[in-house]
Amino acid sequence: MNTLKYQSQAVAKPYFVFALILFVGQILFGLLMGLQYVVGDIDGGLIPFNVARMVHTNLLIVWLLFGFMGAAYYLVPEESETELYSPKLAIALFWIFAVAGVLTILGYLLVPYSKLADYTLNHIWPTMGREFLEQPTITKLGIVVVALGFLFNLGMTILKGRKTVINIVLLTGLVGLAVMFLFSFYNPSNLALDKLFWWYVVHLWVEGVWELIMGAILAYVLIKITGVDREVIEKWLYVIIAMALITGILGTGHHFYWLMTPEYWQWIGSVFSALEPLPFFAMVLYAFNMVNRRRREHPNKAATLWALGTAVMAFLGAGVWGFLHTLAPVNYFTHGTQITAAHGHMAFYGAYAMIVMTIISYAMPKIRGIGEAMSNRSQVWEMWGFWLMTVAMVFITLFLTGAGVLQVWLQRIPETGEALSFMVTQDKLAIFYWLREAAGVVFLLGLIAYLYSFFVDKKAAEA
């Protein structure tokens, strides 16, 4: 039984599957790094910490991009009420992106980074060596080609079909994602200037255009699982993305404190980044309000749980934990500490990992021809995965926050005597790092339960 409204929606499946495979890799490398924090080179120096960190963060970005692309390929045909312009192009771009991504990760693991730069002709157009943007220039060029093909495919689909608010917001976010990535090709020799443009990619992705993508996906899922009038949800979406863009773009200033930019950025960055929790709080109200006003009881309870969880965790991670250390007088002491890591972990998981798992939870039963929802037994496994991963991430965030507060106290503002050195301080934070590692193991168990849920119905069908 195939329950897809448009057959071309099936091209989302390889994107979703590969995204989850990369997600597993990201978590495994995160656990390795957690052990390296407290044990050192536990693997005998086979994978140095800097390489593990590079792989961990690159896998995060790439699996989320695969998830966003799969989400777009699934929802755009249904929103446009027409088949995807070119399913063959979508599959071709999947293989180009997947092969390029795997080769890049293997390059990080098997070749010293300086040699990788030589082999990929980085000296001709130097773009390597920056956090999150470590990819060789040829990989970055491949990403641009994939992005252009992807946007062309979606744009042509939307042009020939129905234009909806969800499609337009999603496409705007995806175009913004592609445009902001172009700043990764500009690598000025001045470090402060380099960081200024680096934030144009990193900040304006995660606190700007990615929020549009998240909002559009969440709105689509809420329409499907609640039956609430599209006009109501679209009005909420307009308000949320307007607040997200205004606060996100001007909130970029909270990164400019350290770049010799004019002092007024301390005020602009502080005020508007302090307002960034508002769109996330509105998202919580919006999600729960829509579910409470639902006109139908959708059988996919797991997708509903993921949608509500996304709103709550995004508000906590991106909103509350972002606000905790965003004001300039506070950030002066907390900048670059484990408080930053606490915010980053919960924000990425709550805002982006969870929205990808929301659309996968909703779409995969239909793509697999099962119907609107997996079996109850499968959903129980999926919801166990949800709670284990989410609770584990809360504790990871709390332990990193504790480590960050103690780090600031010992290293930045000691009560008496001189501040402790960085490494001496790190030794005193070991208990928090061990607790963080334990929570990471629980997170992995949750991910395993989540992945197992996809095989429960298959095993039942074969029995």
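Which helix does threonine 334 lie in? Threonine 334 belongs to helix α12, residues 328–334. Helices here are DSSP runs of H or I with at least four residues, strands are E runs of at least two, and both are numbered from the N terminus.

The model is predicted, with local features requiring pLDDT of at least 70 and side-chain atom pairs pLDDT 80 or more, while totals for chains, interfaces and linings use all residues. Residues are numbered from 1 along each chain as its sequence is written, and side-chain values use heavy atoms, leaving out hydrogens and water.

**Buried sites**

Threonine 334 counts as buried because its relative accessibility is 6%. Buried means under 20% relative accessible area, exposed means over 50%, and partly exposed lies in between (1.4 Å probe, protein chains only). Leaving aside neighbours within four places in sequence, threonine 334 is in contact with His325, Ile339, Thr340, Val408 and Arg412. Contact means heavy atoms within 4.5 Å.

Histidine 343 is found in helix α13, residues 338–367. Its relative accessible area is 17%, so histidine 343 is buried.

Leucine 196 lies in helix α7. With 16% relative accessibility, leucine 196 counts as buried. Leucine 196 touches Phe256, Leu259 and Thr261, not counting residues up to four places away in sequence. Tryptophan 265 is 69 residues from leucine 196 along the chain, and their C-alpha atoms are separated by 12 Å.

**Nonpolar cores**

The largest nonpolar core has 146 residues. Such a core is a set of buried Ala, Val, Leu, Ile, Met, Phe, Trp, Tyr and Cys residues joined through side-chain atoms within 4.5 Å. Phe66, Phe68, Tyr73, Trp210, Leu222 and Tyr349 have the most contacts inside the largest core. Helix α7, residues 191–226, gives the most to this core, with 21 residues. Another core lies apart from it and has five residues, among them Ala403, Leu406, Leu410 and Tyr433.

What does leucine 222 touch, not counting residues up to four places away in sequence? The list is Gly227, Ile233, Tyr286, Ala287, Met290, Val291 and Ala307.

**Helix packing**

Two packed helices are described by the angle between their axes and the distance between the axes. Axes are lines fitted to C-alpha atoms, for helices over the stretch in contact, and angles run from 0 to 180 degrees between N-to-C directions.

| Helix pair | Axis distance | Angle |
|---|---|---|
| α10 (277–292) and α11 (301–324) | within 8 Å | roughly 160° |
| α1 (12–39) and α3 (87–110) | within 11 Å | roughly 15° |
| α2 and α13 | 10 Å | about 40° |

α10 and α11 are therefore roughly antiparallel to each other. Angles under 35 degrees count as roughly parallel, over 145 as roughly antiparallel, 65 to 115 as roughly perpendicular and the rest as oblique. α10 passes α11 in a left-handed crossing. Left-handed means that the near helix is turned anticlockwise from the far one by less than a right angle; clockwise is right-handed. From α10, the contact includes Phe280, Phe281, Ala287 and Val291. From α11, it includes Leu308, Val312, Phe315 and Phe323. The residues of this contact divide into 15 nonpolar, two polar and no charged. Ala, Val, Leu, Ile, Met, Phe, Trp, Tyr, Cys and Pro count as nonpolar, Asp, Glu, Lys and Arg as charged, and the others, Gly among them, as polar.

The angle makes α1 roughly parallel to α3. Their crossing is left-handed. Pro14, Tyr15, Phe18 and Phe29 of α1 make the contact with α3 residues including Ile91, Phe94 and Leu109. The contact of α1 with α3 has eleven nonpolar, no polar and no charged residues.

α2 is oblique to α13. α2 passes α13 in a left-handed crossing. Among the contact residues are Trp63, Phe68 and Tyr74 of α2 and Phe348, Tyr352 and Lys366 of α13. By class, the contact of α2 with α13 has 15 nonpolar, one polar and one charged.

**Positive phi in loops**

Most residues other than glycine have a negative phi. Glutamate 81 has a positive phi of about 60°. Glutamate 81 lies in the loop between α2 (49–80) and α3. At 45% relative accessibility, glutamate 81 counts as partly exposed. Phenylalanine 132 has a positive phi of about 75°. Phenylalanine 132 is found in the loop between α4 (113–119) and α5 (137–160). At 16% relative accessibility, phenylalanine 132 counts as buried.
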